[in-house]
Amino acid sequence: FFQLLATCHTVIPEQRGSELQDIEYQAASPDEGALVKGATLVDYVFHTRRPRSITVSVMGVDKEFEVLNINEFNSTRKRMSAVLRCPDGTIKLYCKGADTVIIERLDETRGASVQVTLRHLEEYATEGLRTLCLAMRDISEDEYRTWSAMHAKASTTLTNRQQELDRVAELIERDMVLLGATAIEDKLQDGVPQTIYTLAQAGIKIWVLTGDRQETAINIGYSCKLIQEDFSLIICNESTHWETKEFLQKKLDAIREGRGSNIDLESLALIIDGRSLDFALEKDVEVLFLELATLCRAVICCRVSPLQKALVVKLVKRRRKAILLAIGDGANDVSMIQAAHVGVGISGQEGLQAARSADFAIAQFRYLRKLLLVHGAWSYHRLSKMILFSFYKNITLYITQFWFAIFNVFSGQTVYESWSITFYTVFFTVMPPFAIGVFDQFLNARSLDRYPEMYKMGQKGVFFNVRSFWGWAVNAFYHSLILFFLGTALLFDDAESDGMVGGQWVYGVIIYTAVLTTVLLKAALITNMWTKWTVLAIPGSLILWFAFLPIYSIVAPKFRTST
């Protein structure tokens with residue numbers, strides 16, 4: 001048992017001191033590193049790895065094992081194995097993996113300890129521990145020679161190499177003897193229960209897609225407050241397509257019939273395992289599964305593969321008008337993260353694959369709370385206001401041109417000087433939308449974090465909807481109407497004391513200045529938080545116009561650029 005723990009892995013040892021125990025293990029996953037460290041506690045110390053061998057100190061005696069082959073772990077196989085030549089010359093296969101794949105590959109004639117081990121696994125899983133089964137078998141020289149030739153051929157093939165390697169590994173990972181099981185505490189990060197509870201208060205539906213056993217997944221659901229003690233659990237563990245369909249249909253009918261009476265949808269949780277999920281994702285069952293899942297407060301899919309994670313995300317994305325966020329910390333979460341609208345990767349013990357594949361990377365799960373409730377709410381409000389203001393400022397200016405066209409019989413003559421029109425969007429009103437879209441805050445971070453219900457404003461489209469758009473558009477029409485006709489009335493008789501008149505360009509510049517001032521005052525009114533950049537953007541834009549006007553009035557006629 002401990003010999004398997006010390007040899008069946010891909011861990012790299014790093015000597016940190018003179019003592020044998022001063023070794024730091026670099027592992028592909030925290031679980032693998034924990035198992036090797038656990039073996040060192042009973043004096044099975046793995047301390048040297050060479051290209052073709054590893055050395056383990058067993059009770060103070062160094063033993064060298066020749067590494068003949070490694071069948072690596074992947075999400076499809078759910079196990080890894082190592083073919084080793086032991087110091088006594090015998091060839092052994094050591095294998096560790098999920099109980100579902102190990103149990104079915106055991107020698108049926110030597111399964112006396114299987115039932116005891118399965119009971120232990122259930123106890124461990126109920127406590128929220130992550131479990132693995134360990135098994136081995138002796139291999140004869142002739143069998144290994146035949147299998148090694150097949151493995152060498154598969155490893156050099158140019159097409160479907162991984163599938164060929166998996167197929168060859170299946171041939172030798174059979175008729176094994178169960179050695180026992182391991183259980184590792186999958187400790188939650190700080191703040192995970194509070195974060196999940198707060199996100200649920202914000203109206204966010206939370207689904208957990210995990211590869212853990214069902215008992216472990218349920219226990220983690222309780223510990224992270226995803227499901228409460230008073231929740232009714234709908235557990236789907238069916239083994240065929242029709243059984244799964246019938247189960248989902250029956251539960252869905254029961255909920256529909258009991259809605260409004262004795263069934264509280266806020267206390268329902270759906271638990272479904274990987275095999276049932278395979279059937280639930282088929283074309284004729286997926287609608288039933290999705291409808292039942294969306295009625296429940298929480299959903300936990302256990303024993304799922306990375307492909308199933310991605311398929312669940314794509315199903316919801318395809319069938320529901322909802323924004324999906326996927327968060328994960330390991331390589332097996334990459335497909336799910338990339339399938340969602342927004343992907344968040346946690347950079348931690350599981351590596352950086354998830355963080356590199358995501359739209360956002362965070363160090364701990366609890367940071368998701370601030371990312372969504374604070375920065376998410378700010379971003380929605382800022383972008384909504386920026387888009388609406390951008391429409392408003394352009395409508396206000398250009399509709400005045402329409403009013404002017406009524407007076408010039410739609411001849412195409414503009415009321416404004418041509419370069420002034422060009423610079424309106426490029427210089428004089430370009431900074432306020434940026435200031436609003438980047439720096440504005442309609443509430444401070446503490447209030448948004450304290451009251452997660454405020455996040456529902458974004459889900460309900462409070463700030464950006466058809467009504468808001470037309471409200472801003474009508475407001476822009478109204479302002480352009482007042483600015484044009486009031487300015488026209490005031491400037492209708494613009495004769496000076498010497499009998500000279502200002503003419504169209506003076507008239508146009510005055511209307512233009514009034515429009516620009518109104519638009520910038522509107523930006524000032526809708527700004528909730530003033531920073532130095534806001535001051536630079538809004539009053540600064542007006543100052544820029546008043547500085548530009550006299551300089552351009554002198555320079556333009558000389559170069560004949562004004563039309």
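User: Does Met 59 count as buried or exposed, and at what relative accessibility?
Analyst: In this predicted model, Met 59 is placed in the loop between β4 (53-58) and β5. The cut-off for an exposed residue is over 50% relative accessible area. Met 59 therefore counts as exposed, at a relative accessibility of 54%.

User: What is the phi value of Met 59?
Analyst: Most residues other than glycine have a negative phi. Met 59 is a residue other than glycine, yet its phi is positive. The value for Met 59 is near 55°.

User: Where does Phe 410 lie, and what is its phi?
Analyst: Phe 410 is found in the loop between α15 (367-407) and α16 (418-428). Its relative accessibility is 55%, so Phe 410 counts as exposed. Although Phe 410 is not a glycine, its phi is positive, at about 55°.

User: How many salt bridges does the structure hold?
Analyst: A pair qualifies when a side-chain nitrogen of Lys or Arg is within 4 Å of a carboxyl oxygen of Asp or Glu. The number of salt bridges in the structure is 28.

User: How many residues apart are Arg 77 and Glu 173, whose side chains meet in a salt bridge?
Analyst: The N to O distance between Arg 77 and Glu 173 is 3.0 Å. Arg 77 sits in the loop between β5 (61-71) and β6 (79-85), and Glu 173 in the loop between α6 (161-172) and β9 (177-185). The pair thus links distant parts of the chain, and the separation is 96 residues.

User: Are Arg 77 and Glu 173 buried or exposed?
Analyst: Buried means under 20% relative accessible area. Arg 77 has a relative accessibility of 4% and so counts as buried. Glu 173, at 1%, likewise counts as buried.

User: Which helices are tied together by Glu 286 and Arg 318?
Analyst: The closest N and O atoms of the salt bridge between Glu 286 and Arg 318 are 3.0 Å apart. Glu 286 is buried at 3% relative accessibility, whereas Arg 318 is partly exposed at 48%. The two residues are 32 apart in sequence, and the helices are α11 (residues 286-295) for Glu 286 and α12 (residues 306-319) for Arg 318.

Key: Residues are numbered from 1 along each chain as its sequence is written. This is a predicted model: local features need pLDDT of at least 70, side-chain atom pairs count only at pLDDT 80 or more; totals for chains, interfaces and linings use all residues. Side-chain values use heavy atoms; hydrogens and water are left out. Helices (H or I, at least four residues) and strands (E, at least two) are DSSP runs, numbered from the N terminus. Buried means under 20% relative accessible area, exposed over 50%, partly exposed in between (1.4 Å probe, protein chains only).
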